Amino acid sequence: MKVLVPVKRVIDYNVKARVKADQTGVDLANVKMSMNPFCEIAVEEAVRLKEKGVATEVVSVSIGPIQAQETLRTSLAMGADRAILVQTDLDLEPLAIAKVLKAIIAEENPDLVLMGKQAIDGDNNATGQMLATLLDWPQATFASELTVEGGKAKVTREVDGGLQTLEVNLPAVVTADLRLNEPRYASLPNIMKAKKKPLDIKELGSLGVDAAPRLKVVKVTEPPKRTAGIKVETAADLVTNLKTAGVL
Amino acid sequence: MAVLVIADHDNATLKDNTHKTVTAALAIGGDVDILVAGTGTAAIAAAAAKIGGVRKVLTAESAELGQGIAEAVGDLIVGLMGGYDAVLIPATSQGKNFSPRVAAKLDVAQISEVIEVVSADTFVRPIYAGNALETVQSADSKKVLTVRPTAFAAAAEGGSAKVESVPAPGAPAKVHFIDQKIVKSARPDLGAAKIVVSGGRAMGSAEEFQKVIEPLADKLGAAVGASRAAVDAGYAPNDYQVGQTGKVVAPELYIAIGISGAIQHLAGMKDSKIIVAINKDGDAPIFQVADFGLVADYKGAVPELMSALAAAGV
């Protein structure tokens, strides 16, 4: 069974995003970039499927600038077998990303697409569902548990108020939630080995996909700032203040 | 102009998120209809029909719709979109599951987690965990939006819309529902509660979390939340998580106990009206957003707070 794992290069989880003064976007110059945390979870799950003998090959794919090679190398160091970069300097919307992935999937024919439920930059939470729709494959989003057996995937999903379990026929798209697993750190020997694994670079233009933006970004602004209030000395002071504020 | 709002409900009662999403729909303008998809839709539709400003309520009933199977809900909405210029879906985990399917089928962008309607084609949404707000203008012929309910006031009651049923799509062939474990709680819903009491990693265990956080929540009639660290450590169930990837809440009063205030947590609660932080580390980032901070170990502070509340007649 072949597993395809789309991964995205984003601002590091621990870095606070700062809005550019000209309101055109978020300043990413000289900012630490990493693999999107949910993508890391998806890579980990795919590698575990391979270690269990369920998957035979794990292919990671990223759509982005040439520096996204680093993100793909991270996935290779975690245990993916090979990687594909669809190179573009455009900032593609989820629908365009889903179309590009569909084109890659037509070439790669995976049995399972495992991907993060959302990227922590755009916070859209849309690409996996869109991809499943375009492929007419079943979807199981927000997975906290995954087992693959007999051409089916059993997925426990985090839903409002609890957990839901679905069984989907393969091929399918599964999106990872936080608690699916804890991703490993790549070891130094594996980082070295990853440098020799195949990484194929394709130009976005070569795929013949309509990747034009549908949305015009009018502006990007800072959210209203919350300022620190006061420190109270005792719990009784706290209750007095909350009464005065009218929330008790 | 006609706008379709997808009702949020649990196959028994209509949730307030629907009223809030209707407010966003009314800001776009035109006729506003509500779709109730699921089981037990008659009672839910009757409640939805009372929301002011609503033209009509559509109902569709099937087991798959009741289970929230994304393929079924998505197909149903796509089939109705011939009559609508926009569909607004509450940004719950249920809504986020099927909304991108509608956008993909219509070949349009999804505009996620809208917090402000600027005009019929221009919307504001948070990105980067709420550290930036993006204003986007859509050129698509039909708009697919998920709406962050906490950003909108609930539409008032006072309507008397007519209710019509529409056919449910067939069962999706490639997805099978196995089971669902929903925790029943007497406490208010986390997303809709007026007061939220949240605990963090400082609790140290699930037992301690229950012993400290839950009695305080019950005293205040509050919902219980948790930081990601507390959920990851198994102190609280996953659906308690408040943050960028968990629930976004904006209650009147948010009490954070033993929570340091990671960016991802702040993203989920910084729009609360009043924020209280109790943490023994006076330098914890949570104090930078708290209206009232109490630098103290929760072990002493929470029992004192319970007594002070009792003394104040709360």
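I took two strands as paired if DSSP finds at least two bridges between them. Helices (H or I, at least four residues) and strands (E, at least two) are DSSP runs, numbered from the N terminus.

**Ground rules.** This is a predicted model: local features need pLDDT of at least 70, side-chain atom pairs count only at pLDDT 80 or more, and totals for chains, interfaces and linings use all residues. Residues are numbered from 1 along each chain as its sequence is written, and chains are lettered from A in the order in which they are written.

**Confidence.** I looked up pLDDT, the predictor's confidence in each residue, from 0 to 100. Chain B averages 96, and 100% of its residues score at least 70. For the complex I noted an ipTM of 0.96 and a pTM of 0.94.

I found strand β12 (residues 215-221) of chain A antiparallel to strand β8 (residues 132-138) of chain B, with six bridges joining them. A:Leu215 has B:Ser138 as its bridge partner in β8(B).

**Contacts.** I counted two residues as in contact if their C-beta atoms, placed from the backbone, lie within 7 Å. By that rule, 71 residues of chain B touch 68 residues of chain A. Helix α5 (residues 93-106) of chain B gives the largest share of chain B's side, nine residues.

**Helix α3 of chain A.** I checked its length next. After α3(A) comes A:Asn109, with a positive phi near 45°.
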